[in-house]
Amino acid sequence: MSFRKVVRQSKFRHVFGQPVKNDQCYEDIRVSRVTWDSTFCAVNPKFLAVIVEASGGGAFLVLPLSKTGRIDKAYPTVCGHTGPVLDIDWCPHNDEVIASGSEDCTVMVWQIPENGLVSPLTEPVVVLEGHTKRVGIVTWHPTARNVLLSAGCDNVVLIWNVGTAEELYRLDSLHPDLIYNVSWNHNGSLFCSACKDKSVRIIDPRRGTLVAEREKAHEGARPMRAIFLADGKVFTTGFSRMSERQLALWDPANLEEPMALQELDSSNGALLPFYDPDTSVVYVCGKGDSSIRYFEITDESPYIHFLNTFTSKEPQRGMGSMPKRGLEVSKCEIARFYKLHERKCEPIVMTVPRKSDLFQDDLYPDTAGPEAALEAEEWVSGRDADPILISLREAYVPSKHRDLKVSRRNVLSDSRPAAAPGSTRPGASTPAASTNTAAPSSSLAGAGEAGKLEEVMQELRALRALVKEQGERIGRLEEQLGRMENGDA
């Protein structure tokens, strides 16, 4: 007689969420009240960014993670937009670069000083103008450097090369209605979108073609979300015809029927999904809810397995999720969320209880690092590459970030553009700037290479001297030890 397993085995079954102590929260932040279903918060291993209320324009706050406690009302903000900011996203390949989309129809890219802001930041590195209505979505390409996607209320998706401030692709005929969200796949060859016409679309941006489409993915009229999972499947959140909140899992090869469909409850807040590709766990946060539900996605039916719910008293206005390389590995932390209240931001730590203090290989497979796998030009030429992975076993020391420089492309020349130092807004080019652009980049590259080579040689010479010195010291100590053993000393 065989007994069926009653409880499914999973190492994430006992994951629990815990808010940090009050002194580790960020207090007195006036979170934006704009009516837009974005997360209002973005976080990376160095900084926390929150969209805030601003009079006469749009602004967001950028705080070093260590700056907890009460935030002074006079604390400087990033305030170059003339309308409210709707969405922000940190660059995955440079922890000091952030993009923002606004009601003023522009996308701006900002370079944050290494130690945070000391004065208001009003001048972006680059302004990207191409939308005719407010820009509600900005999201960076996961593997190609300086490639940014923006989507506006004009139902247009634009893909930019931020390094040259040029528009790479304009997709203006694929969405007949408002775009709710956009999500790149694992290597950035495709993206999926959820639209107000209740359709989920999978799109090849370089060809400008529709790869697959599912009409009425969720039949309710309220906002949907769609995200790509690491294995290429699509996870969606939305509403049923009876306004019940739903989760669904789809196979792009066959969008006729969902692989799994679950109903949650009948609240009316849009569900924001956060996905961890390393653990295959999806965290679902409802706007206006006071809970975070989490589910494990597997290859076995019913595919979406409920794990647990983190519940608190206060409803959330928005939510940010820390990339894996910013977590505390020694405490078995597998996710950290930054929950926005009306006047504060509260970190919530998700932990797997383990008795051992050793590094947990099964919880921390190699994860996407901060190094770009491709340059923008390589991606445009048709190349794809998976993210470059790093190990979390040792404290990872990030490489020194290059400042984001914008170089204007000379339309008449096929040569690769040189970086124009200090260039800021488009349209503000001067004769001097254009001369810089025309200068051959090979000599600059040669000088840079020579400098790096000299640096390496100096380091090598210093190491040789150190090895020689240590060898002599070992010889002296051995001699002394020999004398002591012989009774001479």
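Author: Start with a term: two strands pair if DSSP finds at least two bridges between them. Strands themselves are DSSP runs (E, at least two residues), numbered from the N terminus. With that in hand, look at strand β14, residues 157-161. β14 pairs with β15 in the antiparallel sense, over 5 bridges. One of the residue pairs can be named: Leu-158 has Arg-170 in β15 as its bridge partner.

This is a predicted model; local features need pLDDT of at least 70, side-chain atom pairs count only at pLDDT 80 or more, and totals for chains, interfaces and linings use all residues. Residues are numbered from 1 along each chain as its sequence is written, and side-chain values use heavy atoms, with hydrogens and water left out.

Now widen the view. The open sheet has 4 strands, in the order β12-β13-β14-β15. Their pairing is antiparallel. β12 (135-140) and β15 (166-171) are the edge strands. Each has a single partner strand, so one side of each is left without a neighbour in the sheet. On average, neighbouring strands here are turned by 20° against each other, direction ignored. That angle is taken between axes, which are lines fitted to C-alpha atoms; angles run from 0 to 180 degrees between N-to-C directions. In general, strands of a sheet pair through backbone hydrogen bonds.

Another antiparallel pair is β8 (residues 85-90) with β9 (residues 97-102). The two are joined by 5 bridges. They form a hairpin, with 6 residues between them. Asp-87 stands opposite Gly-101 in β9. β8 is mostly covered, with 5 of its 6 residues buried. Buried means under 20% relative accessible area, exposed over 50%, partly exposed in between (1.4 Å probe, protein chains only).

Next, a loop residue. Lys-233 lies between β20 (225-228) and β21 (234-239). Lys-233 counts as buried because its relative accessibility is 18%. Beyond its neighbours within four places in sequence, Lys-233 is in contact (heavy atoms within 4.5 Å) with residues including Trp-250, Met-259 and Asp-299.

The pLDDT, the predictor's confidence in each residue from 0 to 100, averages 87 over the chain. At least 70 is reached by 88% of the residues. Over residues 1-5 pLDDT stays under 50, and the model has 0 contacts beyond four places in sequence for them. Residues 410-444 also stay under 50, with 35 such contacts.
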